[in-house]
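Here are some notes to read alongside the model. They go point by point, and each can be checked in the viewer.

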Amino acid sequence: MFYIIVSCISIYFFAVLAVKYSKSVSLDEAQKIIDDFLKNYIKEFVQYLFPNSQASQNWLADGTLIRNLLMGQENFNLLPPDLTKYRIFYHNGVIPCVSIQFIPKNGISVDTLKTILCNIVTERLIYFNVTNPFVYIHVQSTSDTEQTLSVLYAVTDLQKTEMQKLLSGLNQRACQSASQIATLPVDKKLIADIAKENISYAPDNTVQVGFDMQTRVPINIDINRTGMIAVVGGTGSGKSVAVLYLLYNVKKMGNSEIFLVDFKRSGDFAGISQNYAEAEESTTLIEEFYDIFQDVQEGSEKIHLLLIDEYAGYITWLMQNDKKKAEEIKGKISTILMMGRSRRCFVWCVQQRISASLFPSGIGAIDNFQVCIGLGRLSPDSRKSLFAGEHLQDEDFEAGYNPGTGQGLILVDGQPLQALQIPFVNKKSLHDLLSS
């Protein structure tokens, strides 16, 4: 590299001297002639390699545009400009994009904000003599409070073509999201039971988990074969309603004893069963269930169910306070997962995330969940732990699937991955029914 640089410099000065003596001009004039030649040559060479690009302008490096965008959204964002995170990149490697962190103020007009930002980008590009720029603003919710503003602008023909493809995909996903909530399925038997304030018993092994998002057909499991269940989902994903709905279907069977551990005192399961514990008392109830599991004979007709809400939080807390006891509890849970089915003793673990570290290393107890439910937008790690290598059969649907509250994915042993919809029901009404 050093020799290349030295050679280029030598050639440059040799060319300047050659022009000076051949045209009888001063050294400064000869240098200007060579500089102009090189500018035109490089510009033509770049345009030859990239005919659809304007390589002379690095749009992402324009600090004035970034400052103007941050100032333009200031009155709409709870975050002040100096704390607002932003990122600049090429979307799909082609379309310039500025991504801005955004926590909207109450009563803001998103349409007004979009118009302001579009005008900022357009005016800045016109300043650089760009004609007919294509500007698009996409607003996406990334959490309960936070949103992301994606400011995309197409200048070249290639960028405009890619922008059209992008908008086509966004419109398709928007239509699919609308269809997801257009006809929320309803469990008519549940609604009837809520109306009469009494559970209608149906003594069989079938437990309805929810509905298939695409077909609206009920998804049922045989609890004798697939009684170990993991439910994962973030805040607002609909975990509580989903679990209450599962408990309702278990209670319909009649012959069951339910143990409920509500470590974080959510109150979602209070009053449903006499076997109930919160906080520090959670460990005692789990050990009571384990003792029952040990005493139950294989082929038992009665179902014994242990539900641990916020299992990951409970294990983390226990590890911090009593590591030996935590390992003991993890071992007991793993034993039930591996051996409980023949005794009709089942464990349901409900949490915001799941990982192998929640169970003893090397045992593979996490693989003994026969039903895995992921609600809302899962983290990559949770998706991998629950559904490693599994995909929906309808690839086009999965590409645009953006599950909301009460929606997600379910994998049942022996069945393909399915898009899940929990039936529409009032949470308090369902809780009151289970507590009656």
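1. A residue is called buried when its relative accessible area is under 20%, exposed when it is over 50%, and partly exposed in between. G331 has a relative accessibility of 23%, so it counts as partly exposed. This glycine sits in helix α10. Its C-alpha atom is 6.2 Å from that of P360, although 29 residues separate G331 and P360 in sequence. Keep in mind that the model is predicted.

2. For the overall picture, the protein contains 13 helices and 14 strands. Of its 436 residues, 44% are buried. Among contacts between residues at least 6 apart in sequence, 70% join residues at least 24 apart.

3. The largest nonpolar core is made of 83 residues, and L247, L306, I333 and I373 have the most contacts inside it. Helix α7, residues 239-251, gives the most to this core, with nine residues. There is also a second, separate core of 20 residues, with V98, L125, V151 and Y153 among them.

4. What does I373 touch, once residues up to four places away in sequence are left out? The list is V209, I229, A230, V231, V232, L246, L386, F387, L409, I410 and L420.

5. F387, one of the residues on that list, belongs to helix α11, residues 380-387. Its relative accessibility is 2%, so F387 counts as buried. Not counting residues up to four places away in sequence, F387 touches C372, I373, G374, L378, L409, I410, L411 and L417. One of these, L409, is 22 residues from F387 along the chain, and their C-alpha atoms are 8.8 Å apart.

6. The buried residues of α11 are S382, L386 and F387. They span an arc of only 95° around the axis, which means that they are on the same side of α11. Strands β7 (229-233), β12 (371-375) and β13 (407-412) pack against these buried residues. On the face turned away from the buried side are the exposed residues P380, D381 and K384. Just after α11, G389 has a positive phi of about 75°.

7. At the N-terminal end, α13 is capped by N426, which has a side-chain oxygen 3.0 Å from the backbone nitrogen of K428.

8. How do helices α9 and α10 pack? Helix α9 (residues 311-321) and helix α10 (residues 323-339) meet at an angle of about 145°, and their axes are 6 Å apart. On the α9 side the contact is made by Y311, Y314, I315, L318, M319 and N321, and on the α10 side by K323, K325, A326, E327, I329, K330 and I333. Sorted by class, this contact has eight nonpolar, one polar and four charged residues.

9. Is Q418 buried or exposed? With a relative accessibility of 15%, Q418 counts as buried, because the cut-off is under 20%. Q418 is in strand β14, residues 418-421. Its side chain makes a polar contact of 3.0 Å with the side chain of Q415. Beyond its neighbours within four places in sequence, Q418 is in contact with D212, I219, L392, G408, L409 and I410.

10. Most residues other than glycine have a negative phi. R265, however, has a positive phi near 55°, and R344 has a positive phi of about 60°. R265 is in the loop between β8 (256-262) and β9 (275-278), whereas R344 is in the loop between α10 and β11 (345-351). R265 has a relative accessible area of 53%, so it is exposed. R344 has a relative accessibility of 12%, so it counts as buried.

Key:
Residues numbered from 1 in each chain as written. Predicted model: local features only at pLDDT ≥ 70, side-chain atom pairs only at ≥ 80, totals over all residues. Heavy atoms only, no water. Core = buried A, V, L, I, M, F, W, Y, C linked by side-chain atoms within 4.5 Å. Buried < 20%, exposed > 50% of the residue type's maximum accessible area, 1.4 Å probe, protein only. Helix = DSSP H or I, 4+ residues; strand = E, 2+ residues; numbered from the N terminus. Contact = heavy atoms within 4.5 Å. Axes fitted to C-alpha atoms, helices over the stretch in contact; angles between N-to-C directions. Nonpolar A, V, L, I, M, F, W, Y, C, P; charged D, E, K, R; others polar. Polar contact = N/O pair within 3.5 Å; in protein donor to acceptor, adjacent residues only side chain to side chain. Arc of directions from axis to C-beta.
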